[in-house]
Amino acid sequence: MEGEEGQNSPMIVYDIIILGASGFTGKYVVREALKFLGSPSSPLKTLALAGRNPSKLAQALEWASHPNTPPGIPILTADTTDPPSLRRLCSQARLVLNCVGPFRLYGEPVVAACVESGCDYLDICGEPEFMERMEAAYHDKAAENGSLVVSACGFDSVPAELGLMFNSRQWVSPAAPNRVEAYLSLESEKSVVGNIGTYESAVLGVASAGELQEFRRSRPRRARPVIPGPPPPKGATIEHQKKVGVWAVKLPSADSIVVRRTLSILTENPHGLAGVNESDEQIAKREAFWSSVKPAHFGVKISSKSLLGIFRIMTVGIFIGVFGKTAIGRWLLLKFPSVFSLGWFRKKGPSEDEVRSASFKMWFVGHGFSDCRVLTEGNKKADYEIITRVMGPEIGYLTTPIILLQCGLIVLSQQRDNLPKGGVFPPGIVFGHTDLQQRLQENGISFDIVSNIALPPESSN
């Protein structure tokens, strides 16, 4: 049904509007949302879908509802190139879930409309430049208007944020971590096929890398957390991580950048961010949670069980890094994604069987000190190691919608009183102290402790 109201009609406000609901990821987000729509224990009572093409949105709803009959969910027309349509849309929403990427091309008008209207906004962006520019441009107005804007509410970057916090909280004082390295392994019984939007964002990110560095230099310097011990060594390009049985190479993803943003905000706000209407009990719980989170140097590496797999990953990275610097190179990368990604990304996306058969594991290997009170700066090696792990289903079409919906349900629930009134933030600092981890565990994403051991002197690096 078409959800346009006449000028004299009363305005309908929906709990959630999913923008870009007919896209590759959007239709999976719709399917996840339908699981909670109207459930007695769910705050999601009303839902609408939005996008440019009503017929494609109707098809997405039919696909997401299968094998059941599609529910009577309103379909609204909105276009990221039409600001009045976005303002109209946001005036009808408590919360907008934005699935329209690449966000550097299409995201800002949506953020602007949400901030202007005062509705909340979550997205699945994994593009550092977009997130940083939105914070610079809209944070103050969002805080004033009561619009909570949170990007990276998908696989980028909630598993990294909550995974680091989970590992960090295992270090009971006087123990403290110095560095935590995340090792991401993508697995499948068939073939691993990535989200084409992620590939496109990576290609466009290379093109604007210089602009991002210039933008960062123009911004005020962020607070840096105090981390016990010396900074970690740079390390080899290719690492054989024997503890978890993988080969690994550094992954230039948004995760480490988003984590650093959260740790920087935590440095400035050691008790976390005050909620808009917190009870004394909730204030105490928030402060207790954040006092247990210890900052650490953090990095992410993509891993493979074989060295050949690492060479394949590096080859794709070289293609994107070299060809992404020129217009003709970017055209080739975007025109023939399957060729230049060696089959990992393709325009039509993965099949349902490929999605169902895929999963991820993310190990967090923490090195630190069993007693940081006796640490002499610069001349003591780590003597303790804690390894934790986050696991879940396929990252782009299953894990991402699960995370986005659970973040959205928290925003819709009474927990909204415990979140900031408004502003532009990374997900960790907003949702870290909520029950998000528990919700994810109840929906197929696990957090567990792998090992907790003292290191012999020769193994401390």
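How many residues does helix H12 have, and how far does helix H12 reach from its first C-alpha to its last? In this predicted model, H12 runs over residues 307-323 and has 17 residues. From first C-alpha to last, H12 reaches 24 Å, close to the 24 Å expected at 1.5 Å a residue.

Now look at the sides of this helix. Gly309, Ile310, Ile313, Val316 and Ile320 are buried in H12. Seen down the axis of H12, its buried residues fall within an arc of 125°, so they line one face of the helix. An α-helix has 3.6 residues a turn, so residues three or four places apart point the same way.

Turn to the other face of H12, the one directed away from the buried side. Leu308, Ile318 and Val322 are exposed there.

What covers the buried residues of H12? Both helices and strands do. Among the helices are H8 (196-207), H13 (327-335) and H14 (337-340). Strands E8 (238-241), E9 (246-250) and E10 (297-304) are included too.

Next, the cysteines. The structure holds 0 disulfides. Cysteine 125 is in no disulfide, and its nearest cysteine sulfur, that of cysteine 153, is 10 Å away. Cysteine 125 is buried, with a relative accessible area of 0%. Cysteine 407 is also in no disulfide. For cysteine 407 the nearest cysteine sulfur is again that of cysteine 153, here 4.4 Å away. A disulfide needs the two sulfur atoms within 2.5 Å. Cysteine 407 is buried as well, with a relative accessible area of 0%.

Conventions. Residues are numbered from 1 along each chain as its sequence is written. This is a predicted model: local features need pLDDT of at least 70, side-chain atom pairs count only at pLDDT 80 or more; totals for chains, interfaces and linings use all residues. Side-chain values use heavy atoms; hydrogens and water are left out. Buried means under 20% relative accessible area, exposed over 50%, partly exposed in between (1.4 Å probe, protein chains only). Helices (H or I, at least four residues) and strands (E, at least two) are DSSP runs, numbered from the N terminus. The expected span of a helix is 1.5 Å times one less than its number of residues. The arc is that of the directions from the helix axis to the C-beta atoms. Contact means heavy atoms within 4.5 Å.
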